[in-house]
Amino acid sequence: MVNQMFLHSSPQSSQSGRPWGYLLSLLFNASCLVIIGKLLSKGSNSDSFQGLGWSRKAAEEAEAAAQYTCSGHGYVFVDTFQDGTLNCECNWCYMGPNCSQIDPDCVSDADSGDPGILEPFWIANAEVGATVVPAWYRMSYQINDGRQSVVSPELEKQIRAIHALVGNAVTQGRYIVLGTGSTQLINAAVNSLSPTHASNPAQVVAATPFYNGYRVSTELFDSGDNLWRGDARAFREGTKSLNSTTFIEFVTSPNNPDTLLDEAVLKDENVKTVYDHAYYWPHFTAISRPADEDIMLFTLSKLTGHAGSRLGWAIIKDYDVYQKIYQYVKINTGGVSHDTQLRATTLLKAVIGGYRHPKRMEAIDRESKQMIFHYAYSVMRWRWERLERIFNMSDRFSLQNVGPLYCNFFRKVTGPSPAYAWVKCEREEEDCAAVLEKAGIIGRRAEEFGADKRYVRLSLLRRDDAFAVLEHRLQALVCYNNHCEDIFSSNQPNSWPQF
Ligand SMILES: Cc1ncc(COP(=O)(O)O)c(C=O)c1O
């Protein structure tokens, strides 16, 4: 939801169109002018910008935008804070010029895997996470360091360092390719592992319930060299007899949507396995060992939460496969934006820096302000416990079964903290997504994962505001017939409508 306010607003530009709305908007805009003026003048006179040269104006604008909080329910970003215009981008369900009103028609949108949970971490770590990009920064297509590569050596170093810190993947003696999100690397892998112009195209499969990105991308590119064939289990008995055919199996571990630690279903010579470890980080699952598969995909989106920066990486054992995937990315997009690579380098350094002087690793709490995995784990764990309490009251709906595991990173047994709830409607006939929709909850339909309609996926990754609405709607749904007490009465807004 974007709320645009012009500092010289007209009645047409007011949100509500009602006289009080207009008045409110004028008042708000007037106070914004004062705030902006104060911030900018504070910036230019204060010590904090002393010594700055060409970056001073940009730094002042960035700080001024960051200080406007939109009632705690939205953001003013630096690109929408210019030329007398102030835009609050409101969180889900909030509206009004400064995001202070709850939308009375609001439903819970738990569809997207947008990782808003990490925003508070970065606000608390604003200084170490900030990147300044000079106008002439790496304008060339390539990095002119003698290798004519499109990969920043410093970023590659930080990627290896973060895996070493967490202990979730072997990178020593492995090749790394960057992609515009791991989404680009999914098709890069399919393309590179498929035989060219063979009589049998490669069969691309994943065990249900599977992340839909594999199907969508294989079907969209519609290459003659490969075909999406759906559930890997359907081929379990047959791959050996079909050894003139290449199989490409995607294994998502932890899995999206059900968050289980899946293993490959197909294991024959003609099967090439791509492990997607997007969620193999301590905030989503216990780290049991450094993964060491032939091709592994990771993404910044679920590690630091910067999904919009579009950075993924593949860790690859075989040189020829590495070369093919690298060439695919170079031809497809000319590599990953240098601006993104710079930002990712800073973010990874900040994450690693947060563990330079670790307190006791096993003390997991939200107060561990510089320790991203501690912070994010505690938020995810807290959300999962809340969900469990709601679902425990129901015999109509259930959650996937995930239990505690020993985590090498936290050096202790940790309770589950999954990225998604894979909800099952226990009554035989139910279309689970439709049942939840009626209750004002939008989840991702099971069909998208090749699964039975009795399931639906709910994202637990979104901003606090979105999670609060989800919790409220779920509680209303589960308690509708049970007349159960309001288990979380402390922090529920009271102005959302009943369904
Ligand atoms: C399992 C899995 N792989 C890949 C992706 C794509 O990630 P990216 O943002 O890096 O393109 C997602 C996104 O939700 C995902 O869940």
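Which elements do the buried residues of α10 pack against? The buried residues of α10 pack against α4 (126–129), α5 (153–166), α8 (300–303), β14 (311–316) and α11 (372–391). Two residues are taken to be in contact if their C-beta atoms, placed from the backbone, lie within 7 Å. The model is predicted, and local features need pLDDT of at least 70, side-chain atom pairs count only at pLDDT 80 or more, and totals for chains, interfaces and linings use all residues. Residues are numbered from 1 along each chain as its sequence is written.

The protein chain contains 13 helices and 21 strands. Helices (H or I, at least four residues) and strands (E, at least two) are DSSP runs, numbered from the N terminus. Of the 499 residues in the protein chain, 43% are buried. A residue is buried if 20 or more other C-beta atoms lie within 10 Å of its own, exposed if 12 or fewer, and partly exposed in between, with C-beta atoms placed from the backbone. Among contacts in the protein chain with a separation of 6 or more, 67% are between residues 24 or more positions apart.

Helix α10 covers residues 338–353, 16 residues in total. From its first C-alpha to its last, α10 reaches 22 Å, close to the 22 Å expected at 1.5 Å a residue. The expected span of a helix is 1.5 Å times one less than its number of residues. The buried residues in α10 are Thr-340, Gln-341, Arg-343, Ala-344, Leu-347, Leu-348, Ala-350 and Val-351. An α-helix has 3.6 residues a turn, so residues three or four places apart point the same way.

Strand β14, one of the elements packed against α10, holds Trp-313. Trp-313 counts as buried because 24 C-beta neighbours lie inside 10 Å. When neighbours within four places in sequence are left aside, Trp-313 is in contact with Ile-159, Ile-176, Val-177, Leu-178, Gly-179 and Phe-298. Trp-313 and Glu-156 are 157 residues apart in sequence, and their C-alpha atoms are 9.4 Å apart in space.

The largest nonpolar core has 123 residues. A nonpolar core is a set of buried Ala, Val, Leu, Ile, Met, Phe, Trp, Tyr and Cys residues joined through C-beta atoms within 7 Å. Helix α11 gives the most to this core, with 10 residues. The residues with the most contacts inside the core are Ala-189, Ala-314, Ile-325, Ala-376 and Val-423. Leaving aside neighbours within four places in sequence, Ala-314 is in contact with Val-177, Gly-179, Leu-185, Ala-189, Ile-295, Met-296, Leu-297 and Ile-325. In soluble globular proteins, nonpolar side chains tend to be buried together.

Strand β12 (residues 271–276) is mostly covered, with 6 of its 6 residues buried. On one side of β12 the buried residues are Val-271, Thr-273 and Tyr-275, and on the other they are Lys-272, Val-274 and Asp-276. In a regular strand the side chains alternate between the two faces of the sheet. Strand β11 (residues 247–252) runs parallel to β12 and is joined to it by 6 bridges. Two strands pair if DSSP finds at least two bridges between them. Glu-249 stands opposite Thr-273 in β12. Strand β13 (residues 295–299) also pairs with β12 in the parallel sense, over 3 bridges, and Leu-297 in β13 is the bridge partner of Asp-276.

Around the ligand there are 14 residues, of which Gly-181, Ser-182, Thr-183, Thr-299 and Ser-301 come nearest. A residue is near a molecule if its C-beta atom, placed from the backbone, lies within 6 Å of it. Helix α6 (residues 181–193) supplies the largest share of this shell, 3 residues. The shell consists of 3 nonpolar, 10 polar and 1 charged residues. Here Ala, Val, Leu, Ile, Met, Phe, Trp, Tyr, Cys and Pro count as nonpolar, Asp, Glu, Lys and Arg as charged, and the others, Gly among them, as polar.

Some backbone features lie in loops. Thr-208 and Pro-209 are joined by a cis peptide bond with omega about -5 degrees, and Pro-209 lies in the loop between β9 (202–206) and α7 (213–221). A cis peptide bond also joins Ser-253 and Pro-254, with omega about 0 degrees; Pro-254 lies in the loop between β11 and β12. Gln-148, in the loop between α4 and α5, has a positive phi near 50 degrees. Gln-148 counts as exposed because it has 10 C-beta neighbours inside 10 Å.
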